[in-house]
Amino acid sequence: MATPAGALQRTASPLPAFATWRALTILVTATAVLGPLSLILYQSLLTAPFFDASKQLGFGAYDFIFRDPDFWKALRNSFLISTGMTIIAVPLGGLLAFVMERTDLPGKRWFEPFILVPSFVSPMVLSFGFVVAAGPVGFYTVWFQELFGVEQAPWGLYSITAMAVIAGLTHVPNVYVYATAALKNLGSDVEEAARVAGASPLRVALEVSLPLIMPSMLFSAVLVFFLGIELFGLPLVLGDPEGILVMATYLYKLTNKLGVPSYHLMAAVAVCIVAITFPLVLLQRRLLQGARKYATIKGKAGRMKELPLGKWAWPAAALLGLFVFVTVIVPISGIALRAFVTNWGFGVNLSEALTLESFRFVWHEPTHVRAIVNTVLIGVVGGALTVACYTAIGFANHRRNDGWTRFLDYLVLVPRAVPGLLAGLAFLWVFLFFPPLTPLRTTIFSVWLAYSVVWLAYGMRLISSSLMQVSPELEEAGRSVGATRGTISRQITLPLIRPGLLASWLLVFMIFEREYSTAVYLLAPGTEVIGAQLVSLWQGGAIDIVAALSLINIVLVGIGLGIALRFGVKLRD
Amino acid sequence: MRNWLKCAAGALALAPLVVVAQVPAGYPADYAKTVEAAKKEGKVVVYSALDTKAAQPLIKDFSALYPDVKVEYNDMNSTEMYNRYIAEAASGQGSADIMWSSAMDLQVKLVDEGKALAYKSPEQAKLPAWAHYKDQAYGTTFEPTVFIYNKRLVTGDDIPHDHAGFAKIINSKPDKFKGKVTSFDIEKSGVGFMMVVQDTKYFPGLKDLEKGFGATSYKVYSSTGNMLEKVSSGEHIIGYNILGSYALVRAKKDPNLGVSMPKDYALVLSRVMFIGKQAKNPNAAKLFLDYILSQRGQKLIGGEVELFALRDDVDAEYTAGKLKKEMGDKLKPIPIGSEITAYLDKDKRLQFINDWKAGVASGAK
C-alpha cells in the first residue's frame, strides 16, 4: 500500500521508466550470459556436435573424462597453481597499491605504468618472454651462467611451482587495480592515527588500510583464483613440454586427442570448471554480507594525506623495483630482443643476428595491419561502450536487495568461469545459428560482444566496488529533497564514482588489448585482433612474427596507458 | 612493337576470342565458361593451414593470372579449420570455397562425409595416383619428414641418418640427450599422430625409439615452429618427425639448425585441397584449385613458397623430382585415401595412444 507521499512522488517521477529500464538491462544481460552458457551445458550432454544429425543425449562425455587419469591430474594442478598464485598476488598487489596510493615514496608515479604492464600483455606472450629470457638457454640464463661460471642456473621454468610464481606475479596488477581504486576513496585520518600511535608503515598497511578495503581485496582474491582455474596461455607455453596439464590445457588437448574435435568432452570439462567456481561465489557473497560497514566516502570526508615512509622508503622501493624487474623487464626485454634477432641460444653472437625483417613483414601484411587497427578500436571505443554497459548493470543493482539483485550478482560471475577458448566457441555457435546475429559474425562486433560478456565479472567488480563506497546518506540527501531515482543516479552517484569508471575503462582497455583465447574461434577476415592472431601464428611456429607483433602490441598499449594516466593524474588534482 | 601488342590486346579484350585465350593449354574448351563464371563471382574464400606469409607468392601470382578474382585467404590451424568448416556447413551459411590443409586425415574424412564438391581437375592426369581421391581431394605438395639437430651441440656420430640410428643414438647416450629430444605430441597434433602410425608400416624398431623417448624424457610440442625454435636455441638438440619443408627453409638462414634426411625411408606429407560442397564461388574455387595443381602454381610452390612441388614435370628449387633422384623409392608418401581415416575411430585411436605411452613409459627409468 503506497503512502500518500509515495504516491505523490510516483506521479511526479519517471519511476516506472526506471523499472522498465532495469528489467530490460537484466533481460539483455541474462540472455548474453545464459545463451552461450546453456549451449555449452546442452553440448556436454550430447554425443556429437549439437548441429550434427547423429547426436544423441547421454552422459557419455562425463563418463569419459571422469575415467581419464589426465583429468584428475589437471584438476589437481589447477588447484595447486590457483592457490599458489592467489597467495602471491593478493598480498603483493595490496602492498604495492598501498605504497603507490598512500605513501610519499619519491618517484613512485614512474613505476605505475610498469606495475600494470603484465595485465595488458597476453600471458602467452609473457610466458614466451620468460622462456626466451630465463628458460634453459634464455638470454638472462646464459648471461648468468657466463657471469658466475656455473653450468646451470638456479631456477627452472617448467614446474608447477614456477608456474604458480609466474602466474602469481603476472596477476598482481589485477589485485593492484582493485586495491588502488578502493584506497583512493579511503580517508587518511585512520592511517594517521595509527602512525601517531607508533605503528610502522608496513603495520599501517597490513592492519589498517588493507583491512579497510577488504571487499576489494576479497573480490580480487576470488577473481585471481578464478583466473588461476582458467589459466591457458601460461601453462600452454610453460607446462606443455613437461606434460603438466591444467584444466584449460586439458580441455584444449581434447580438441585433438580423438582425432576429430570432441565438443561434447570439451563442454563437459567446461561445465566441471563452472561447477568448481560456484561454491566460491557463494562463499564470496557470504563474506560480503557486511559490506555496508565499509562505506568510507561520507558526507564529511576528510582530506587525503600521504603517509611519510621515512627509513621504510628503501624496503618499499626495493620491493617495487624487484617486482618490476622480475615480472616486467625480464620477459619484455626477452621478447624485444627476440623480435630483433634471427636466432638465439647457446653460442649465438646476438649482434650478428640482428634484423628488422619481422617488422617489415608485419607492416606489409594487410591482415596484421588490420589486427593492429582492430585491437586499438576494440580497446578504446569497445572499452568505453563496455564500461557504459557495465555501469548500466551496476545501477540496475545499486541499493536493491531483491531476488533480481542476487540473480544478477551470480549472473555476472558466471561467464568468467567459462574458459575463454570455449566461451569464444560458444559465441561462434551463437553467431552462426542465431539468425539476427549472423550478419555481424565477420565484424569486430562479434569479438566485442564475446569480450564484454567474458570479462563481465571483472569489470562489474570494479564498478560495484566504487558504488559500494558511496555512502547511502548522500543518496538519501538527494531523495529527501525530492529527486527521483534516475536523477539521483545521474546527478549524485554517477559523478561520485567517475574516478572508478575511468579506472574501469583503463582496466577494460588493458584486458581487451591482451585477451587472446576468446577471439581464437571468432577469427575471420575483418575480426582479427592481435591476441588471436598471436595464437594462430604461434601454432604455425612463426615465432619471430609473434615477437614482433607482441612488441607492437606492448608499444600501442604503452601509448594508450600513458594518455590514460595523464588523464587520471589531472582528475586527481 | 610493344604499343602494337597493347593495341592488339585491347582489341582482343573486346572480342569474345579473349575468353578462349584465357583457357590454359590442354584444358577443355568449355573451361572458358568456368573462367567467365568465376569472374562474375569475383572472389574465392580460402581456408588454409599454410600461413599467409608463406602463401603470399601464390596469391599474388593467381591475382595476376585472374585479376577479376580476389583471393580471401584465411590461415588457421588445421583443427580450427575443420571445426569451423563443419559448423559453418551445418549452419547453412556457406563456408570456405577452398579447404587446404595438412591434416590429411581430416580432409579425407570431410570428403567421405560428402562435404566436398566433386570436380575432376584437368590437371589430375599429371598427378601421381596416390595424390587424388574420388575426384574431389587433391594432394598439392610433397613434403618429406626429416630429423633436425642443433649443429653446435650435436656433431659427428651423434647426427642421425636413419630411423634405427636415431633410436640407437638416444638410447646409447641417455645422459647427453636427457630432456633434449623433441617430437610431435601425438595426442595434440593430428599430423604427428598420422606420421607415427605410418612409421609402424616402415620402421620395425619403433619400440626401441619409444623406449629411447622414455629414457630421455622427450619433450613434445604441437607445432613444427616450436620444435625448430627450441632446437635452434639449444634448449633441445635433436628432433624426430619434423616437417622438412619448414625445417629446410629455416636451416637456410639459421646457422644453428641442422637437417638430416633419413636414408632408410622418409614419410611424405601432402597438403590436401578440395572445393567446399556449399561453396558460394565454386567456379572461382575451380580456378584456384587448378592453378595450384598447374605447372605455374607448382613451380612457385617449389620455389618462393618453399614447400615441395608435387609434380614431376616442374623445375624449381624444391621438387618431388629432385627428392626422388636422391632417395628413389625410399620416399613413402602418405596416401590420400580411407586408410588414413581409420584412426579417427575413437577407440582405435585411444588404443594406439595408450600403447604408445606404455612404450615410452617402458623406457623411462
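**Exercise 1. Describe the interface between chain A and chain B in this predicted model.**

*Solution.* Start with the contacts: 40 residues of chain A touch 47 residues of chain B, where a contact needs C-beta atoms within 7 Å. Next, look for the elements of chain A that give two or more residues to this side; they are helix H14 (247–257), helix H20 (420–433) and helix H26 (530–540). Finally, sort the chain A side by class, which gives 22 nonpolar, 14 polar and four charged residues.

**Exercise 2. Find where confidence in chain B is lowest and where it is highest.**

*Solution.* Then go element by element. The lowest confidence falls in helix H2 (residues 17–22) of chain B, with a mean of 48, and the highest in strand E12 (residues 272–275) of chain B, at 97. Now check the stretch at residues 11–21 of chain B: pLDDT stays under 50 there, and the model has eight contacts beyond four places in sequence for it.

**Exercise 3. Characterise the packing of helix H7 (residues 163–172) and helix H10 (residues 206–215) of chain B.**

*Solution.* Two packed helices are described by the angle and the distance between their axes. Here the axes come within 8 Å and cross at roughly 30°, and the crossing is left-handed. For the residues, H7(B) supplies Phe166(B), Ala167(B), Ile170(B) and Asn171(B), while H10(B) supplies Asp208(B), Leu209(B), Lys211(B), Gly212(B) and Ala215(B). Sorted by class, this contact has five nonpolar, two polar and two charged residues.

How values were computed:
Residues are numbered from 1 along each chain as its sequence is written. Chains are lettered from A and ligands numbered from 1 in the order in which they are written. This is a predicted model: local features need pLDDT of at least 70, side-chain atom pairs count only at pLDDT 80 or more; totals for chains, interfaces and linings use all residues. Two residues are in contact if their C-beta atoms, placed from the backbone, lie within 7 Å. Helices (H or I, at least four residues) and strands (E, at least two) are DSSP runs, numbered from the N terminus. Ala, Val, Leu, Ile, Met, Phe, Trp, Tyr, Cys and Pro count as nonpolar, Asp, Glu, Lys and Arg as charged, and the others, Gly among them, as polar. pLDDT is the predictor's confidence in each residue, from 0 to 100. Axes are lines fitted to C-alpha atoms, for helices over the stretch in contact, and angles run from 0 to 180 degrees between N-to-C directions. A crossing is left-handed if the near helix is turned anticlockwise from the far one by less than a right angle, and right-handed if clockwise.
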